Every structure is written in C-alpha cells, then in structure tokens.
Amino acid sequence: GGNFFACLKQCRGEYVAFLEGDDYWCSPRKLKLQVDLLDGDPGAAGCFADAQVVDADGRLIHDDYFAYHGRHEVKDVVHTEDIVPFGISPACTIVFRRSVLDDPPDWFVRNTWHSGLDLLITLRGSYRYVRETLGAYRIHPGGIWSGAAPADRLMSDLLFLKPMYHDAAMRAGWGRAIRESIRAGLRGLLECSHEGERTVKILRCYRQFLSAY
C-alpha cells in the first residue's frame, strides 16, 4: 500500500490511468474514450468501464465483470453512498484526474488500494460509468488478492475499514455501512477458524485489528 501511494504521488499528467500487472486493456480506443469523456465533463473526477474476467491463460471466464460479482445494475454516475466502503470498479478500467490525489485523507494514505481510490474519486466529483468492455480482469492463484487465504483477505479489509471509520467526515456520512462491514469482517474471522485456518492465526488477526491505529 505504501508503495502504491508513493507511485501515485509521482504521477504528473492531468489524468492517471490505472492498470495492475496481471490485467490488460482490450480496446485500442480505451484511453481516448475515457479522456474525451473527462475533457467534456469538468465535474467528473474519474470514470471506469466494464471488463472481461479471464483466467491465468487469458481464457474467458465471464464477459461481464459486474455480473460475475453479482452486481447486475451499475448507475451511469456513481456516488459514494452507492459503493461505500469497498468500491465498485474493475481496477484495470479506472481513469481519474490527478487532482483527486491532492490532500488525501488519512484512511487512504494508510491503506492505498483500488477500492479506496474508487471512494476517493466519488468524494472529489462525479464518477462516470462507461458502458463498454475496455479491460480484462485476471483471476489466478498467484494474485495478491485472489491467491490470499480468507483470513488474510478479511484482515486486509478490516485494516482498511478501521481508519476510515475514525475519519469524522466518513463516519458522519457513511458510518453505518462502514460499521456493518467491520462487524461482518470480524464475524468472518471467527468462521475462518472452523474452515481450516489455525486458531492462533485468527487470534493474532483480532489482536492486530484491536491494536491498529
């Protein structure tokens, strides 16, 4: 997360296009389409699009990222309340104004990852959805997220949520949704102890959460 934030702060262009190393873009008009959209809408802080879901060898798993993740309706303009606390976009499709990164909140600096970037964009302006498939999101065992153990994924979520809840503005606006996600994450850790994760590891996760920040 710290390295991700440091890299973002090095960006110097008017816009930033995001692409993780195991994903790819699948349209030659992707950047032009999204930059034209942002050029034409000064109130838009960023935009995202649909993506294919592919496996390690590039074979198609699903042609609709959102349907694959159980979300069948996406608004043309997404607001914070629509996606708090875990974002919405396929990371490989995000393009946003570099000014989004000016004076970032502490919760984003502490745990910089793409779900937080989604939220930060919505806090800076409108977040537009481009109804085209412009990227490919790859799922494979070596992925930092998809390859992680369930307890590790939950711990990552909890360490993202805790400083967000401590932010007075986020708590005032969306405290209930953040609080419910924290409860769900803590319950999920308990369930991990019944699914093969070592109890001592789960207890360490709880202690790390309680002592964080």
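Tyrosine 213 is placed in the segment after α9 (199-211) of this predicted model. Its phi is near 55 degrees, a positive value in a residue other than glycine. With a relative accessible area of 40%, tyrosine 213 is partly exposed.

- Two packed helices are described by the angle between their axes and the distance between the axes.
- Helix α7 (residues 150-166) packs with helix α8 (residues 168-192) at an angle of about 155 degrees, and their axes are 8 Å apart.
- An angle over 145 degrees counts as roughly antiparallel, and α7 and α8 are therefore roughly antiparallel to each other.
- The crossing of α7 and α8 is left-handed, and the residues of their contact comprise 14 nonpolar, five polar and two charged.
- α8 passes α9 in a left-handed crossing.
- On the α8 side the contact is made by Ile182, Leu186, Arg187, Leu189, Leu190 and Cys192, and on the α9 side by Ile202, Cys205, Tyr206 and Phe209.
- By class, the contact of α8 with α9 has nine nonpolar residues, no polar residues and one charged residue.
- The contact of α7 with α9 divides into eight nonpolar, two polar and three charged residues.

- Helix α6 (residues 114-124) is mostly covered, with nine of its eleven residues buried.
- The buried residues of α6 are His114, Ser115, Gly116, Leu117, Asp118, Leu119, Leu120, Ile121 and Thr122.
- Serine 89 is found in the loop between α4 (80-83) and β6 (95-97).
- Serine 89 has a relative accessible area of 1%; a residue under 20% counts as buried, and serine 89 is therefore buried.
- Beyond its neighbours within four places in sequence, serine 89 is in contact with Phe48, Tyr65, Ile94, His114, Asp118 and Tyr127.
- Two of these partners, His114 and Asp118, are among the buried residues of α6.

**Backbone features in loops**

- A cis peptide bond joins valine 84 and proline 85, with omega about 5 degrees.
- Proline 85 lies in the loop between α4 and β6, where serine 89 is also found.
- Aspartate 103 is placed in the loop between β6 and α5 (106-110).
- The phi of aspartate 103 is near 50 degrees, which is a positive value in a residue other than glycine.
- Aspartate 103 is exposed, with a relative accessible area of 70%.

**Alanine 67**

- Alanine 67 is found in helix α3 (residues 65-68).
- With a relative accessible area of 21%, alanine 67 is partly exposed.
- Not counting residues up to four places away in sequence, alanine 67 touches His62 and His72.
- The C-alpha atoms of alanine 67 and aspartate 50 are separated by 9.9 Å, and these residues are 17 residues apart along the chain.

**The chain as a whole**

- The protein chain has nine helices and seven strands.
- A compact globule of 213 residues would have a radius of gyration near 17 Å, and the 18 Å of the protein chain agrees with this.
- The C-alpha trace spans about 50 × 40 × 35 Å along its principal axes.
- Of the 213 residues, 46% count as buried.
- Among contacts with a separation of 6 or more, 73% are accounted for by residues 24 or more positions apart.

Technical notes: Residues are numbered from 1 along each chain as its sequence is written. This is a predicted model: local features need pLDDT of at least 70, side-chain atom pairs count only at pLDDT 80 or more; totals for chains, interfaces and linings use all residues. Side-chain values use heavy atoms; hydrogens and water are left out. Axes are lines fitted to C-alpha atoms, for helices over the stretch in contact, and angles run from 0 to 180 degrees between N-to-C directions. Helices (H or I, at least four residues) and strands (E, at least two) are DSSP runs, numbered from the N terminus. Angles under 35 degrees count as roughly parallel, over 145 as roughly antiparallel, 65 to 115 as roughly perpendicular and the rest as oblique. A crossing is left-handed if the near helix is turned anticlockwise from the far one by less than a right angle, and right-handed if clockwise. Ala, Val, Leu, Ile, Met, Phe, Trp, Tyr, Cys and Pro count as nonpolar, Asp, Glu, Lys and Arg as charged, and the others, Gly among them, as polar. The radius of gyration is taken over C-alpha atoms; the globule rule is 2.2 Å times the number of residues to the power 0.38. Buried means under 20% relative accessible area, exposed over 50%, partly exposed in between (1.4 Å probe, protein chains only). Contact means heavy atoms within 4.5 Å.
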